[in-house]
Amino acid sequence: MSNKFDGAQITNSFRREKIKVEDILLWHDNPRNTTKIREQRPLSVISKLDSMTYENMLQNAEIGNLVRTILNQGWQDDGDIMVGFLAKDDKYFVLEGNRRITALRVIIDDYNNGYETCQRYPSKKNIHEFY
């Protein structure tokens with residue numbers, strides 16, 4: 001018998017819990033972003049860099065497509081969003097899932113601003129039916 005784990009076994013061994021999107025910060029050193037950032041920064045600055053990371057993520061063309069897909073098809077809970085926890089901020093940060101969290105934040109921002117449809121990435125779908 002082998003002591004090796006495959007990816008699914010490792011991922012399935014993590015504890016699962018529901019977390020509010022508002023309690024999740026975007027990780028500025030997420031592996032998909034480091035080519036744009038070109039420097040490592042400590043975890044202690046995640047809170048300070050969240051807004052900048054969010055704005056940078058909005059430049060990714062895939063975010064608009066993801067927002068529209070979520071609004072048209074609903075949330076597809078078929079992939080885990082992996083997070084770490086920052087005790088000093090009492091917040092989580094994204095290890096895997098920056099694009100999905102960004103897309104959800106776009107929808108939530110427009111919902112909280114009272115819009116019926118998504119403004120940043122126009123869609124005919126009423127966001128109040130989604131959120």
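## Overall architecture

Read along the sequence, the protein follows the pattern α-β-α-α-α-β-β-α-α, which amounts to six helices and three strands, where helices (H or I, at least four residues) and strands (E, at least two) are DSSP runs numbered from the N terminus. The model is predicted, and local features need pLDDT of at least 70, side-chain atom pairs count only at pLDDT 80 or more, and totals for chains, interfaces and linings use all residues. Residues are numbered from 1 along each chain as its sequence is written, and side-chain values use heavy atoms, with hydrogens and water left out.

Of the 131 residues in the protein, 34% are buried, a term that here stands for under 20% relative accessible area with a 1.4 Å probe and protein chains only. Among contacts (heavy atoms within 4.5 Å) between residues at least 6 apart in sequence, 59% join residues at least 24 apart. The accessible surface comes to about 8800 Å², and 49% of this surface belongs to carbon and sulfur atoms; the areas come from the Shrake-Rupley method with a 1.4 Å probe.

## The sheet and its helix

The three strands form an open, mixed sheet in the order β1-β3-β2, two strands being counted as paired if DSSP finds at least two bridges between them. The edge strands, each pairing on one side only, are β1 (24-25) and β2 (82-86). Helix α5 (residues 98-112) packs on this sheet, touching β1 and β3, and its direction makes about 130 degrees with that of β3; such angles run from 0 to 180 degrees between N-to-C directions, with axes fitted as lines to C-alpha atoms, for helices over the stretch in contact.

β1 and strand β3 (residues 91-96) pair in the parallel sense over two bridges, and Ile24 has Tyr92 as its bridge partner in β3. By contrast, β2 and β3 pair in the antiparallel sense over five bridges, with Lys91 of β3 as the bridge partner of Leu86. These two strands, β2 and β3, form a hairpin with four residues between them, and Asp90 in the turn has a positive phi of about 55 degrees.

## The largest pocket

About 840 Å³ of space lies in the largest pocket, the volume being the space filled by probe spheres set on grid points that are joined across faces, edges and corners. On a 1 Å grid over the protein atoms alone, a pocket is an open set of points where a 1.4 Å probe fits, with protein on both sides within 12 Å along at least five of seven lines, and lining residues have an atom within 4 Å of a point. Of the 26 lining residues, the closest to the centre of the pocket are Glu17, Lys18, Ile19, Asp80 and Ile81. The elements giving two or more residues to this lining are β2, β3 and α5, and β2 gives the most, with four residues.

How values were computed
Buried < 20%, exposed > 50% of the residue type's maximum accessible area, 1.4 Å probe, protein only.
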